Amino acid sequence: MGVGVTPTTDSIPLSVLPDYSQIASLPVISNTGNKRRLSEDHLSYPRPTKFVRMSEQAGPEHSTGIVYDPRMRLHYQNKYMKDFTLESPPDTDLGVHPEDPRRIAKIMRALEAEDLVHRDGSSKPATQYPRRINARDASDEELARVHSQDHLAEVANLKTLTNTELEQYENGDLHCSLYACNTTEQAAKLAAGGTIDLCKAIMRGELKNGFAVVRPPGHHAEPQGPRGFCWYNNVSIAAKALLADPELECTKILVIDWDIHHGNGIQAAHYDSDDVLYISLHRNDFNFYPKGTSWPKNETRIDVERDNESYGNRSKLGVDKGLGYNINIPWSQGGMGDGDYIYAFDQVVLPIAREYQPDIIIVASGFDAAAGDTLGRCHVSDGCYAYLTHALMGVCSKVAVVLEGGYNMLSISLSAVGVVKALLGRELPRMANSLPSVYGVYDVDNVVSILQSRTHWQTVKVRVQNQTSPMIPVGVREVIRQWEIAQLWDRYNLFPLFVEAENINKLYHNCVLANPGFGNRANPLLLIIHETNEPWVGARQITGEGHPVRERDDFWLDGKISEALADANRRYIESSGSYIGDALKLGFDVIDIHLPIVNMAHDPPTGETPIAAATKLLTYVMEHYVKPSDVSDIYLMATGIGHDAVTDWIMANEIYAMENITRTISFLTEGDPKRVRSSTTDGLSRWYYKTSQVFVKSEALAQAYMGTTDGGKPKQRIGFGSIIGSLNMEDASMWDLLRHHRPDVMRVLDDCPRLPPKTPVLHDEDDMEI
């Protein structure tokens with residue numbers, strides 16, 4: 001689940017829903033020709049819709065239950081929807097909001113195609129397929145176990161609002177992640193009621209397990225108000241209904257939330273109780289929703305926990321009786337895959353679930369961590385979702401899976417099929433990769449550490465007593481970068497830009513940062529591309545050994561970032577990092593590209609040189625972030641092989657560079673400057689000479705690129721740029737060079753015109769007298 005108004009990746013134009021802003025209640029579903037349309041001639045509530053392809057009879061062994069009702073698609077984005085048909089093909093998206101009404105229909109069609117639910121023409125009897133559970137309205141009494149009366153009144157009032165009032169409601173400070181229409185309450189009540197009845201049927205033994213294909217989703221809805229695409233908290237409402245029914249004898253409920261966004265609403269509903277154990281796996285990096293959201297005071301019982309630290313953080317463990325019954329497994333970045341989720345289940349979820357021995361497991365099943373989802377940007381396969389479901393069934397046979405987020409139509413369909421196959425005991429799809437990433441292991445082990453010290457769970461404590469702590473293969477490179485990211489966030493609010501391309505080495509996927517709001521056409525842009533710093537660190541402080549370790553050398557760490565590394569790398573912030581702060585103060589937007597040093601002994605071979613990899617990453621950033629922002633006043637600053645990447649990119653993008661790059665600034669402590677020239681574009685070398693500054697360690701190095709004309713005058717081969725030697729710095733490091741020339745670079749930035757005149761195109765020359 002999450003926020004944003006981004007079309008899913010498979011969206012194409014389609015006719016949309018009707019305007020019911022003036023209708024006091026829902027229209028009926030009537031037959032017109034071959035289609036069942038909403039009829040404005042009737043103002044009564046729609047009749048319960050029979051999904052005729054599914055049987056209400058119980059199958060063998062009580063079977064699996066499926067909740068689905070087309071009326072849940074009547075929650076729609078009012079201002080865009082004009083011509084909606086309940087049976088419009090789900091193959092296409094509305095192209096407007098990711099929480100598309102057709103999500104649930106797409107899932108049902110996929111289940112039909114896989115012969116997992118009964119349909120006309122099926123070869124087997126209907127009783128050999130999952131049993132249909134009718135959706136019905138949740139009562140106000142059921143809703144009020146989780147939500148306040150003000151919340152219920154707010155949602156009920158939506159059916160009385162005009163189009164203008166609905167738009168004003170959506171634009172409110174607390175509703176930026178919501179859309180509403182006059183039929184939102186009815187759809188939300190059906191989603192909650194269907195989830196309740198599925199869970200009760202499982203607890204009564206009428207079903208062995210089930211899947212609630214419901215919307216709108218619920219796990220962001222808080223006790224005091226709707227949030228993040230969510231109106232009523234379906235999972236929490238169902239959990240409270242089970243606990244309130246003495247005939248069910250349900251006293252312990254395990255809720256697993258694998259939606260990529262933190263389920264703040266579920267956490268808030270049970271934060272001080274021990275009858276619901278809530279475990280959430282979610283992204284928690286920087287301002288990923290709901291982290292960073294502005295919340296009103298006194299909204300929930302966990303306000304006291306909402307400090308500068310995200311309430312999706314691993315330290316949020318519950319209060320009072322609920323201490324230890326709220327477990328967050330926050331991912332520190334996107335890109336997590338099957339292996340990371342399996343590792344989290346093996347190390348945290350399954351051991352604690354077995355110790356807890358729940359009466360039922362309810363899964364808040366968002367599929368936005370699935371591969372292909374543009375909001376979640378992770379890589380979980382349908383095989384992994386199937387495996388996780390199967391693993392939970394081994395803890396408790398009573399499992400109810402409830403749909404939450406997931407916005408790529410293909411991804412949610414495949415993922416739902418995998419889950420239902422697991423519920424039915426069918427052969428599971430294959431997983432993509434069962435090996436965890438370095439960052440996934442690090443994140444999970446940090447959760448284990450805090451559970452060991454602050455909770456009562458014996459399974460995680462036994463792990464420390466009886467097992468050697470797993471040694472995580474983390475290079476100094478990765479540790480330093482994590483520290484740098486934290487420092488640049490704390491100092492300058494730089495956040496990661498997502499990099500996802502099969503042809504880019506994964507070592508480079510966490511190496512691009514930017515200031516919030518970058519890409520404003522009114523602001524010039526400083527793009528810095530630099531190599532990893534190479535501090536010498538006393539290894540005794542980290543590994544207990546007595547020899548120094550350079551950053552190029554990978555070694556084993558125990559999962560903790562050493563303060564020694566932070567101390568050794570502070571010069572990064574004091575040198576190149578200071579350029580970021582200066583540029584932001586001047587009014588620049590900033591993108592920082594950090595190039596890790598590839599360790600040929602440990603890193604997997606890629607078949608490309610570090611310069612080629614750096615050029616590829618720079619090209620990705622320019623194509624996906626810089627060019628779409630339409631910034632025309634761009635400054636490129638580079639160190640080391642970043643200089644080679646910049647010059648290679650310029651020669652591959654000659655016209656764009658000459659029209660949009662205002663200055664290039666490079667620092668070299670070793671190697672030769674690279675020549676920029678073109679066989680097709682007149683004036684490229686001269687343009688580069690006029691717009692570049694290439695700082696080298698000494699005047700002698702600068703003179704190496706100087707010659708004399710026949711008349712004895714000095715000349716420079718302009719394709720190498722304007723080379724500037726540094727006085728008495730032959731032994732200088734890159735830090736020294738950056739610090740020494742910082743005033744020079746700041747003068748260049750300070751002189752930046754907001755709308756610079758373009759450099760005239762001149763005839764190319766190999767040499768120019770100066």
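Helices α8 and α9 run roughly parallel to each other (an angle under 35 degrees; over 145 would be roughly antiparallel, 65 to 115 roughly perpendicular, and the rest oblique). Keep in mind that this is a predicted model, where local features need pLDDT of at least 70, side-chain atom pairs count only at pLDDT 80 or more, and totals for chains, interfaces and linings use all residues. Residues are numbered from 1 along each chain as its sequence is written, and side-chain values use heavy atoms, with hydrogens and water left out. Helices (H or I, at least four residues) and strands (E, at least two) are DSSP runs, numbered from the N terminus.

**The α8/α9 pair**
- Helix α8 covers residues 338–356 and helix α9 residues 382–395; they pack at about 10°, with axes 11 Å apart. Axes here are lines fitted to C-alpha atoms, for helices over the stretch in contact, and angles run from 0 to 180 degrees between N-to-C directions.
- On the α8 side, the contact (heavy atoms within 4.5 Å) includes Y341, I342, F345 and V349, and on the α9 side Y387, L388 and L392 are among the residues involved.
- Sorted by class, that contact has twelve nonpolar, no polar and three charged residues. Nonpolar covers Ala, Val, Leu, Ile, Met, Phe, Trp, Tyr, Cys and Pro; charged covers Asp, Glu, Lys and Arg; the others, Gly among them, are polar.

**The sheet**
- Eight strands make an open sheet with mixed pairing, in the order β11-β12-β16-β13-β17-β18-β19-β22. Two strands pair if DSSP finds at least two bridges between them.
- At the edges sit β11 (495–496) and β22 (723–725), each pairing on one side only.
- Strands β18 (residues 661–667) and β19 (residues 692–696) run parallel and are joined by four bridges; I665 stands opposite Q693 in β19.
- Helix α18 (residues 641–652) lies across β13, β16, β17, β18 and β19, at about 140° to β17.

**Cis peptide bonds**
- R215 and P216 are joined by a cis peptide bond, omega about 0°; P216 is in the loop between β5 and α6.
- Y289 to P290 is also cis, with omega near 0°, and P290 lies in the loop between β7 and β8.

**Positive phi outside glycine**
- Q357, in the loop between α8 and β9, has phi near 55°. Q357 counts as exposed at 56% relative accessibility.
- R377, in the loop between β9 and α9, has a positive phi of about 55°. At 34%, R377 counts as partly exposed; buried is under 20% relative accessible area, exposed over 50%, and partly exposed in between (1.4 Å probe, protein chains only).
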